[in-house]
Amino acid sequence: KEHGIQDLIRLELSKHGLVFRTNAGSAWGGKYVNVPTYGNIVINPRKIELLPKGFSDLLFVGTDGRVAFIECKDDKGKLRPEQERFLDIMRSYGHRAGVARSSEEALKIINGS
């Protein structure tokens, strides 16, 4: 459900600027090869550090230069402490940042209302 909300928000915000979907934490990468008996496997795997934990789901850059950080949640979703800290820090730097559970809430964040 949260992913669907995020997609609707991305679609709406794309009318007002660029929207980047971000990934935080870490992942594994390497070279993918196809082995007929097993399918695709990864050789030379390596851990890749992504954005810091707590970084918002979406980064918005408006056509007028405004920047906003948006954490997408469904109606039951709660912020983790690191997400709350990240939003607080971004607001302290003068950026728009908040939690959106709908496209309307996301528009309010980017418009500063």
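User: Are Phe-55 and Phe-69 buried or exposed?

Analyst: A residue is called buried under 20% relative accessible area, exposed over 50% and partly exposed in between, with a 1.4 Å probe and protein chains only. Here Phe-55 and Phe-69 are both buried. This is a predicted model, in which local features need pLDDT of at least 70 and side-chain atom pairs count only at pLDDT 80 or more, while totals for chains, interfaces and linings use all residues. Residues are numbered from 1 along each chain as its sequence is written, and side-chain values use heavy atoms, leaving out hydrogens and water.

User: How many aromatic pairs does a search of the whole structure find?

Analyst: Rings of Phe, Tyr and Trp (its six-membered ring) pair if their centres lie within 6.5 Å; planes under 30 degrees apart are stacked, over 60 edge-to-face, and the rest tilted. The search of the whole structure finds three such pairs. In one of them, the ring centres of Phe-55 and Phe-69 are 5.9 Å apart and the planes stand at 80 degrees, so this pair is edge-to-face.

User: Which parts of the chain does the pair of Phe-55 and Phe-69 link?

Analyst: Helices (H or I, at least four residues) and strands (E, at least two) are DSSP runs numbered from the N terminus. Phe-55 lies in the loop between strands S3 (39-49) and S4 (58-62), and Phe-69, 14 residues apart from it, in strand S5 (residues 67-72).

User: What aromatic pair do Phe-69 and Phe-86 form?

Analyst: Theirs is edge-to-face, with 5.5 Å centre to centre and 80 degrees between the planes. Phe-69 is in strand S5 and Phe-86 in helix H2 (residues 81-92), so the pair ties together parts 17 residues apart in sequence. Phe-86 is buried, as is Phe-69.
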